[in-house]
Amino acid sequence: MIPYGRQEVTQADIDAVEAVLRSDFLTQGPAVVRFEQALAAYCGAAHVVAVANATAALHLACLALDLGPGDWLWTSPNTFLASANCALYCGARVDFVDIDPHTYDMDPVALAAKLERARREGRLPKIVVPVHFAGQSCDMAAIGALAKRYGFRVIEDASHAIGGHYRDVPVGSCAFSDITVFSFHPVKIVTTGEGGAALTNDTALARRLERLRSHGMTREAALMDAEPDGAWYYQQIELGYNYRITDIQAALGLSQLARLDDYVQRRQRLVARYDALLADLPVIVPARAAGVRSAWHLYPIQVDARRCPRSRRQVFDALRAAGIGVNVHYIPVHTQPCYRRLGFARGDFPRAEAYYAHAISLPMFATLTDAAQDEVVAALRGALA
Ligand SMILES: *Cc1c(COP(=O)(O)O)cnc(C)c1O
């Protein structure tokens with residue numbers, strides 16, 4: 001089976017992890033700090049807080065921006081559950097903004113229209129979470145301008161997009177957002193096993209994220225409501241969590257980061273090959289947004305119903321039967337039972353639903369060989385006929 005995504009672990013990665021295993025610190029040690037510093041330097045962000053996974057990073061980002069009961073968070077319906085669940089963790093309410101039918105990212109025109117309605121109804125969101133679907137950045141300048149105009153905060157869910165660029169600036173620079181979140185799950189672009197990070201240019205937000213990562217504890221006397229009892233003393237000044245990443249994971253991430261640019265280049269080359277090899281087939285290949293260099297976490301195609309006699313289900317099943325580990329990204333979040341119980345229904349976000357009805361993610365990972373990719377294309381050609 002050729003999977004839709006997979007990690008690469010090299011001898012250098014194994015050596016880096018082994019060195020941590022033989023060291024004094026398995027967690028809360030120097031490897032986490034080194035990983036955070038390397039990520040900050042790569043992305044051009046002032047602060048990085050590495051955590052247990054991207055879901056934890058999204059939760060902490062919402063808490064650090066004071067999301068709570070009575071507040072709204074808006075995100076894209078075309079995303080993984082975690083982009084919306086983070087609001088529910090905080091007791092806040094969720095709403096969605098439909099996607100652009102070409103890039104499959106949150107549509108800034110739909111966002112502007114929905115904001116204007118929400119302003120009139122007095123229910124503006126506190127936070128908007130644009131998701132850089134498949135690795136392609138959303139139109140962050142447009143979203144950033146709306147954030148200024150309507151007074152909401154922005155968390156970029158860049159789980160797919162490390163190594164990508166928006167207007168020649170790396171995703172993660174937070175040029176148009178308060179916080180950017182990455183995932184280091186093994187199907188993503190670089191991995192720590194499980195892992196994630198929150199990036200920000202705001203020093204106060206970074207300190208808050210660090211504190212919330214570790215129970216809401218501080219050892220800084222200035223933040224306490226009394227003089228410390230002694231050198232051992234700490235205070236818990238708010239409710240936090242244990243969302244820490246280990247040094248074992250951070251060492252793997254730091255070693256992987258050295259190959260990030262190579263990985264993205266290889267993905268770009270595979271995308272160019274897919275585009276060319278699929279040109280005569282009844283499928284819609286992913287569109288490029290202007291001014292964006294995608295990191296190409298995914299290569300999502302749509303089966304073109306007007307030109308193809310087979311349904312998406314038939315094409316998907318035929319590919320799986322041929323040993324191609326295709327997948328579908330994403331089932332629109334608002335159609336999940338957990339969200340329908342909150343009042344959402346099928347039909348609420350028709351563009352995300354129409355895209356989902358035809359979508360298939362083809363195998364896409366840095367170590368996919370040209371020969372394996374040719375096999376995928378041959379199987380797809382057969383499945384579509
Ligand atoms: C993978 C993913 C997440 C969650 O990442 P974890 O590290 O597994 O918690 C969140 N959002 C998107 C868009 C993702 O693809």
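Me: What should I know before we start?
Reply: This is a predicted model, where local features need pLDDT of at least 70, side-chain atom pairs count only at pLDDT 80 or more, and totals for chains, interfaces and linings use all residues. Residues are numbered from 1 along each chain as its sequence is written, and side-chain values use heavy atoms, with hydrogens and water left out.

Me: What makes up the secondary structure of the protein?
Reply: There are 13 helices and 17 strands. Helices (H or I, at least four residues) and strands (E, at least two) are DSSP runs, numbered from the N terminus.

Me: How do you know that the radius of gyration agrees with a compact globule?
Reply: The radius is taken over C-alpha atoms, and the globule rule is 2.2 Å times the number of residues to the power 0.38. For 385 residues a compact globule would come near 21 Å, and the protein has 21 Å, so the two agree. The C-alpha atoms fill a box of roughly 75 × 60 × 35 Å along the principal axes.

Me: Why is His165 called buried?
Reply: Buried means under 20% relative accessible area, exposed means over 50%, and partly exposed lies in between (1.4 Å probe, protein chains only). His165 has 15% relative accessibility, so His165 counts as buried. His165 sits in strand S7 (residues 165-166). Leaving aside residues up to four places away in sequence, His165 touches Pro170, Val171, Gly291, Val292 and Arg293, where contact means heavy atoms within 4.5 Å.

Me: Which residues of helix H6 are buried?
Reply: In H6 (residues 140-150), they are Met140, Ala141, Ile143, Gly144, Leu146, Ala147 and Tyr150. Their cover includes helix H5 (108-121), strand S6 (153-157) and S7.

Me: Why is H3 called oblique to H4?
Reply: Axes are lines fitted to C-alpha atoms, for helices over the stretch in contact, and angles run from 0 to 180 degrees between N-to-C directions. Angles under 35 degrees count as roughly parallel, over 145 as roughly antiparallel, 65 to 115 as roughly perpendicular and the rest as oblique. The axes of H3 (residues 54-64) and H4 (residues 82-89) come within 9 Å and cross at roughly 45 degrees. That makes H3 oblique to H4. On the H3 side the contact is made by Thr55, Leu58, His59 and Cys62, and on the H4 side by Ala82, Ser83, Cys86 and Tyr89.

Me: What makes H10 oblique to H13?
Reply: H10 (residues 312-321) and H13 (residues 370-384) pack at about 135 degrees, with axes 9 Å apart. That angle makes H10 oblique to H13. Val315, Ala318 and Leu319 of H10 meet Val376, Ala379, Leu380, Ala383 and Leu384 of H13.

Me: Where is Trp296 found, and why does Trp296 count as buried?
Reply: Trp296 is in the loop between strand S14 (292-293) and strand S15 (299-303). Trp296 has 5% relative accessibility, so Trp296 counts as buried. Its phi is positive, near 55 degrees.

Me: Which peptide bond is cis?
Reply: The bond from His329 to Tyr330 is cis, with omega near 0 degrees.
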